[in-house]
Amino acid sequence: MSRAFYFGLRSVNIPPMGFHRNLAFWGGIILAVLAILGLIQILRVNSPEVERTSIPVVRYTSGSVIEGPVTVQPGEFLSFRMNLNRAAMLKGGFDAVKRDGEAACLILDDENFAQFQKGGEFTAELNIGPLPSVVVSRKIGPGVFHLIFDNRSNKAEAVDLTTSFSVE
């Protein structure tokens with residue numbers, strides 16, 4: 001069925017006319033598959049970022065709250081935040097390094113701490129001092145509390161304290 005033409009000593013076979021249609025058909029299928037694969041690759045690589053919402057990690061206080069030396073500047077205070085998910089015992093104390101050094105120790109909840117910072121009226125869970133030495137054993141919580149070393153009554157000197165407080 002094939003026709004042959006002779007060019008010099010060689011003959012060239014020309015396929016029948018249906019072959020060209022089959023070649024065009026399969027070539028079109030191959031091009032369509034390649035186009036689809038290319039489109040999938042473009043969409044896969046350039047896919048829109050999924051907006052991930054992160055859940056805030058809440059860290060609850062347990063164990064040591066403050067351990068070691070601290071210095072409370074004159075007319076200022078230091079606070080240490082405690083986040084309790086249950087009622088707990090706050091135990092510890094501080095000693096002034098110098099005999100004449102004194103500081104107050106307060107425990108305030110979050111709302112009263114905001115009032116304390118503004119200089120307004122507040123209600124303390126614990127308010128001791130100012131004294132050169134304090135020992136605390138108090139049940140507090142649950143909630144957010146602040147352990148405060150207050151030197152606002154002394155405008156002249158900083159107070160050096162040796163502290164040890166923990167939540168049990």
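1. The protein chain exposes about 12,000 Å², with carbon and sulfur atoms supplying 57% of it (Shrake-Rupley method, 1.4 Å probe; for residues, only the protein chains shown count as cover). Of its 168 residues, 26% count as buried, meaning under 20% relative accessible area.

2. A word on provenance: this is a predicted model, where local features need pLDDT of at least 70, side-chain atom pairs count only at pLDDT 80 or more, and totals for chains, interfaces and linings use all residues. Residues are numbered from 1 along each chain as its sequence is written, and side-chain values use heavy atoms, with hydrogens and water left out.

3. The protein chain has two helices and 10 strands (DSSP runs numbered from the N terminus: H or I of at least four residues, E of at least two). Their order from the N terminus is β-β-α-β-β-β-β-α-β-β-β-β.

4. Four strands make an open antiparallel sheet, ordered β4-β9-β6-β7; pairing requires at least two DSSP bridges. At its edges, β4 (77–84) and β7 (126–131) each pair on one side only. Inside the sheet, β6 (residues 103–109) and β9 (residues 143–150) are joined by six bridges, and Asp109 stands opposite Phe145 in β9.

5. Do look at helix α2 (residues 110–118), which lies across β4, β6 and β9 and runs at about 130 degrees to β6 (axes are lines fitted to C-alpha atoms, for helices over the stretch in contact, with angles from 0 to 180 degrees between N-to-C directions; contact means heavy atoms within 4.5 Å).

Note on methods. Buried < 20%, exposed > 50% of the residue type's maximum accessible area, 1.4 Å probe, protein only.
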